[in-house]
Every structure is written in structure tokens, then in C-alpha cells.
Amino acid sequence: MQVRTLAALVVLAFAGAPAVAAEYLPGAPVTLEGKVTGMQSKRAFWLEVEGKPVLVYTTNTQQQLMYVGQEVRVDGSISDDFIKVTDVEVNARSVKTVRHNRTLAVSADETTP
């Protein structure tokens, strides 16, 4: 009797879990595209994906010029670290710029300052 009750409670607990948790299983491969919203450290940055914050960890070899507003594509795997800063954390294998949002003005007229 107690085993059935416990099993029913476990089923109910998992039924109420958010869908996001089911999508992102630790160690699962993932590809995300989004906009950089901030820098966490020298090797980590915040990425907004469909309105949700994702913390992306990179390596020293992946360091590149990154800025807030840059749109990037991240290929990697979901972090299985037990200390979570946010719901979704990714260990990046590659980070590629999708589109630059900075506008550089170049003039053909040499007299224009």
C-alpha cells in the first residue's frame, strides 16, 4: 500500500514539472540561437533564447569578441553541474556569430568627417 502511494506521488511530482526541464536533460546535445544579454565572466556569457536566460560556458580556445546584442549560435551540451546559477546552463563546443548588430559607417567621400 505504501509503495503504491509513493509511486503515485512520484508520478504526480513529475507531471507537474515544467516542460523546459524535460527538454534539457543533463549531458544532452543542444543547439541554441539567441542574443547575448551580458557577460558573466571571461569564459561565460548570458544568452536569451525565446525570452529565457541561458548561461553559456566556453573554453579559452573559444574566446572571441563578444558584446551585448550580438546574435550567436551555440552548439554544445547541457551542463550536468549540480550547482546551478540558472535553469539552463550549456557547455559550448562552438560559438558562432549569426548576425552582427553593430553598424559601422563608411563613407566614400573623403571630405566627410
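The entries go from the whole chain to single residues.

**Ground rules.** I am working with a predicted model, in which local features need pLDDT of at least 70 and side-chain atom pairs count only at pLDDT 80 or more, while totals for chains, interfaces and linings use all residues. Residues are numbered from 1 along each chain as its sequence is written, and side-chain values use heavy atoms, with hydrogens and water left out.

**Whole chain.** I looked up the secondary structure first. The protein chain has two helices and five strands. I take both as DSSP runs, numbered from the N terminus: helices are H or I of at least four residues, strands are E of at least two. From the N terminus the order is α-α-β-β-β-β-β.

Next I checked burial. Of the 113 residues in the protein chain, 30% are buried. Buried means under 20% relative accessible area, exposed means over 50%, and partly exposed lies in between, with a 1.4 Å probe and protein chains only. The chain exposes about 8300 Å², and carbon and sulfur atoms supply 58% of that. These areas come from the Shrake-Rupley method with a 1.4 Å probe; for residues, only the protein chains shown count as cover.

Then I looked at contacts, meaning heavy atoms within 4.5 Å. Among contacts with a separation of 6 or more, 56% are between residues 24 or more positions apart.

**Barrel.** How do the strands close up? I find a closed barrel of five strands in the order β1-β2-β3-β5-β4, with mixed pairing. The twist averages 55 degrees from one strand to the next. Axes here are lines fitted to C-alpha atoms, for helices over the stretch in contact, and angles run from 0 to 180 degrees between N-to-C directions. Two strands pair if DSSP finds at least two bridges between them.

I followed the hairpins in turn. Strand β1 (residues 29-41) and strand β2 (residues 44-49) run antiparallel and are joined by five bridges. Their hairpin passes through two residues. Met39 has Phe45 as its bridge partner in β2, and Lys35 has Glu48.

β2 and β3 also run antiparallel, with six bridges between them. Two residues lie between them in a hairpin, and Glu50 in that turn has a positive phi of about 50 degrees. Phe45 stands opposite Val56 in β3. I note that β2 is mostly covered, with five of its six residues buried.

**Core.** Which residues touch the most other members of the largest nonpolar core? Among its 16 residues they are Phe45, Leu47, Val54, Val72, Val74 and Val90. Such a core is a set of buried Ala, Val, Leu, Ile, Met, Phe, Trp, Tyr and Cys residues joined through side-chain atoms within 4.5 Å. β1, β2, β3 (52-57), β4 and β5 (88-99) each supply at least two residues. The largest share, four residues, comes from β5.

I listed the contacts of Phe45, leaving out residues up to four places away in sequence. They include Val36, Gly38, Met39, Val54, Leu55, Met66, Val72, Val74 and Val95.

**Gly34.** I turned to Gly34, in strand β1. Gly34 counts as buried because its relative accessible area is 15%. Beyond its neighbours within four places in sequence, Gly34 contacts Leu47, Glu48, Val49, Gln70, Glu71 and Val72. Gly34 and Thr97 are 63 residues apart in sequence, with 9.9 Å from C-alpha to C-alpha.

Is Asp75 buried or exposed? Asp75 sits in strand β4 (residues 71-78). At 16% relative accessibility, Asp75 counts as buried. Its side chain makes a polar contact with the side chain of Thr31, at 2.7 Å. A polar contact is a pair of N or O atoms within 3.5 Å; within protein, one must be able to donate a hydrogen and the other to accept it, and residues adjacent in sequence count only if both atoms are side-chain atoms. Not counting residues up to four places away in sequence, Asp75 touches Val30, Thr31, Ala92, Arg93 and Ser94.

Arg73 is also in β4. Arg73 counts as partly exposed because its relative accessibility is 35%.
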